[in-house]
Amino acid sequence: MADEVDYHQKKRDIRRQYRALTSETQKNRHELINPESTAGLHDVLDKANRLFDDVKLFKGTREAAMDSAFLVIASSLGKQSAQKLHTDLVMFDPREYVEKLKTYLSGRSLENTENRNITVEAWRNLGKEARLHFRKAPASHSLLGSFGHDQPKKDRQIIRKKDKEIVPTAVPKQLTSVVQSHQEVTTEEVGKIMAILQQYTNCSEGSEVDPVSFFEFVINPQSFGQTIENIFYVSFLVKDGHVKVELDGDGLPVIFPCEPYKEGQSRQAVGKKQFMFSLTMEKWREIIEVMGLEEPLIPTRDE
């Protein structure tokens with residue numbers, strides 16, 4: 001517990017010293033940027049380096065952030081001090097160089113420089129003098145591009161799309177007639193199957209309906225394809241509410257006609273249910289064998 005208290009106390013001392021160092025640096029900034037008093041800025045940086053050694057020892061994030069902020073201030077003062085530093089270096093003046101070069105090429109004449117003509121021989125002499133200061137002649141390179149800064153403008157070409165002739169869409173009459181004929185055949189077959197079901201269930205006015213086994217009604221022992229078609233046609237009757245499918249006492253599905261439900265016929269909510277099952281050829285043969293089916297209740301249709 002005591003070590004933890006000493007640890008936090010040491011970190012507080014480091015933060016206090018950083019605040020004092022930053023305040024002192026900001027206060028004496030005019031003296032620190034003076035190029036003649038270089039020791040002042042060095043002393044401040046030495047103090048910061050000693051404090052940063054403690055920061056690395058205790059691994060404090062807040063203290064590291066304070067050190068970074070101090071380095072920003074110190075670098076700004078160093079830049080200002082360098083800008084005030086005066087040197088005796090000779091600065092290159094392009095205009096002065098050109099004037100001296102023109103004077104040399106004209107034979108050091110004091111005439112008006114604007115009307116001064118420079119001969120080809122003068123340029124050759126200048127080349128001879130400059131060649132003495134190079135160990136080898138510089139290689140010549142061709143200039144690529146132009147000297148202008150303006151980029152060439154690209155002409156935008158407006159491409160107009162040709163108006164396409166509007167052609168009326170051709171309707172496939174043959175396909176439409178096939179769809180219509182298929183719907184008519186489906187409606188006709190659904191009506192026939194409904195009549196056959198009413199016949200086998202003794203469905204008449206005032207008589208009790210006798211349900212028929214679903215598989216016995218739709219299975220065609222002579223054709224697997226027509227068995228699938230019978231189930232397809234019966235599904236329309238079930239969907240429209242003309243036929244009802246229930247389970248008997250043995251848990252097998254039975255089918256019988258019924259009156260379609262009308263909206264508002266009952267106060268209770270009537271929900272719709274869907275049932276799906278798969279019938280493979282193996283299961284079709286198994287049902288025929290188990291139920292002993294020989295003749296279909298729905299007559300076989302002509303292919």
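**A covered strand**

Mentor: Both faces of strand 3 are covered: Pro253, Ile255 and Pro257 on one side, and Val254 and Phe256 on the other, are all buried. Buried means under 20% relative accessible area, exposed means over 50%, and partly exposed lies in between (1.4 Å probe, protein chains only). Strands (E, at least two residues) and helices (H or I, at least four residues) are DSSP runs, numbered from the N terminus. This is a predicted model, in which local features need pLDDT of at least 70 and side-chain atom pairs count only at pLDDT 80 or more, while totals for chains, interfaces and linings use all residues. Residues are numbered from 1 along each chain as its sequence is written, and side-chain values use heavy atoms, with hydrogens and water left out.

Trainee: How many residues of strand 3 are buried?

Mentor: The count is 5 of the 5 residues, so strand 3 is largely enclosed by the rest of the structure.

Trainee: How many bridges join strand 2 to strand 3?

Mentor: Strand 2 and strand 3 (residues 253-257) run antiparallel and are joined by 5 bridges. Lys244 has Phe256 as its bridge partner in strand 3, Val245 stands opposite Ile255, and Leu247 stands opposite Pro253. These two strands form a hairpin with 5 residues between them, and Gly251 in the turn has a positive phi of about 80°.

Trainee: Which residues is Ile255 in contact with?

Mentor: Contact means heavy atoms within 4.5 Å. Leaving aside neighbours within four places in sequence, the contacts of Ile255 include Leu197, Pro211, Phe217, Val234 and Val243.

Trainee: How many residues has the largest nonpolar core?

Mentor: A nonpolar core is a set of buried Ala, Val, Leu, Ile, Met, Phe, Trp, Tyr and Cys residues joined through side-chain atoms within 4.5 Å. The largest has 23 residues, and those with the most contacts inside it are Ile193, Phe217, Val218, Ile219, Val234 and Ile255. Two or more residues come from each of helix 7 (173-200), helix 8 (214-218), helix 9 (224-239) and helix 10 (281-291). Helix 7 gives the most, with 5 residues. A second, separate core of 15 residues includes Ile14, Leu21, Ile73 and Leu77.

Trainee: At what angle do helix 5 and helix 6 pack?

Mentor: Axes are lines fitted to C-alpha atoms, for helices over the stretch in contact, and angles run from 0 to 180 degrees between N-to-C directions. Helix 5 (residues 94-105) and helix 6 (residues 120-131) pack at about 115°, with their axes 9 Å apart. That makes helix 5 roughly perpendicular to helix 6. Angles of 65 to 115 degrees count as roughly perpendicular, under 35 as roughly parallel, over 145 as roughly antiparallel, and the rest as oblique. Leu101, Tyr104 and Leu105 of helix 5 meet Ala122, Trp123, Leu126 and Glu129 of helix 6. These residues divide into 6 nonpolar, no polar and 1 charged. Ala, Val, Leu, Ile, Met, Phe, Trp, Tyr, Cys and Pro count as nonpolar, Asp, Glu, Lys and Arg as charged, and the others, Gly among them, as polar.

Trainee: Is Arg15 buried or exposed?

Mentor: Arg15 is buried, with a relative accessible area of 12%. Arg15 is found in helix 1 (residues 2-27). Not counting residues up to four places away in sequence, Arg15 touches Arg62, Glu63 and Met66. The C-alpha atoms of Arg15 and Met66 are separated by 7.6 Å, although these residues are 51 residues apart along the chain. By contrast with Arg15, which is buried, Gly225 is partly exposed, with a relative accessible area of 38%.

Trainee: How many helices and strands are there in the protein chain?

Mentor: The protein chain has 10 helices and 3 strands. Buried residues make up 22% of its 303 residues.

Definitions and conventions
Two strands pair if DSSP finds at least two bridges between them.
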